[in-house]
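Have a look at the model first, and then we can walk through it together.

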Amino acid sequence: MSFATADLYDAHGDALRSCVTQFRSYGSRTRFFGQIVTVRCLEDNALVKQVLATSGEGRVLVADGGGSLRTALLGEMIATSAVENRWAGVVINGAVRDTAALTRLDLGIKALGVNPRKSAKTGLGEIDVPVNFGDVSFPPGAWLYSDEDGILVSDQRLDV
């Protein structure tokens, strides 16, 4: 991919929203973009697993785990499913696990940190609702652009 978020911001300015949360990158794709699908869940990854088991078609899952680092919302098995289903990336406002395996997967993965503890699997949460963190709203259907410098959100698809 040839885009850079800094260049996109220079070209489009205030039409873009810049996430101030300082995520770490865990997947082998350091640059990724796609239309946003959202999940809101707290320490329960059943909905993350459910969504990533569907056809991604180059989309990006934004999972708002409330910033909790107490349990991981994504690990090797679910991330492998995302790759198999053609998702471009996953942004987790929470923790991941299996980081050595995640670095080998062709998937953009950003998260706050790591915890080996697995999450609950009750299915509590919501799919396709606007989620908010890092001074940014992530509405379903908007476009997310991510690279080494950060994450931008646009209501329109940008030429990259």
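Which element gives the most to the lining of the largest pocket? Helix 3 does, with four residues. This is a predicted model, where local features need pLDDT of at least 70, side-chain atom pairs count only at pLDDT 80 or more, and totals for chains, interfaces and linings use all residues. Residues are numbered from 1 along each chain as its sequence is written, and side-chain values use heavy atoms, without hydrogens and water.

Helix 3 covers residues 76-84, and its buried residues are I78, A79, S81 and A82 (buried: under 20% relative accessible area; exposed: over 50%; 1.4 Å probe, protein chains only). Seen down the helix axis, these buried residues fall within an arc of 155°, so they line one face of helix 3. M77 and E84 are exposed on the other side. After helix 3 comes R86, with a positive phi near 65°.

Now to the pockets, side by side:

| Pocket | Volume | Lining by class |
|---|---|---|
| Largest pocket | about 260 Å³ | five nonpolar, four polar, six charged residues |
| Second largest pocket | about 180 Å³ | three nonpolar, six polar, five charged residues |

Here, Ala, Val, Leu, Ile, Met, Phe, Trp, Tyr, Cys and Pro count as nonpolar, Asp, Glu, Lys and Arg as charged, and the others, Gly among them, as polar. A pocket is an open set of points on a 1 Å grid where a 1.4 Å probe fits, with protein on both sides within 12 Å along at least five of seven lines; lining residues have an atom within 4 Å of a point.

Key:
Helix = DSSP H or I, 4+ residues; strand = E, 2+ residues; numbered from the N terminus. Arc of directions from axis to C-beta. Points joined across faces, edges and corners; volume = space filled by probe spheres on them.
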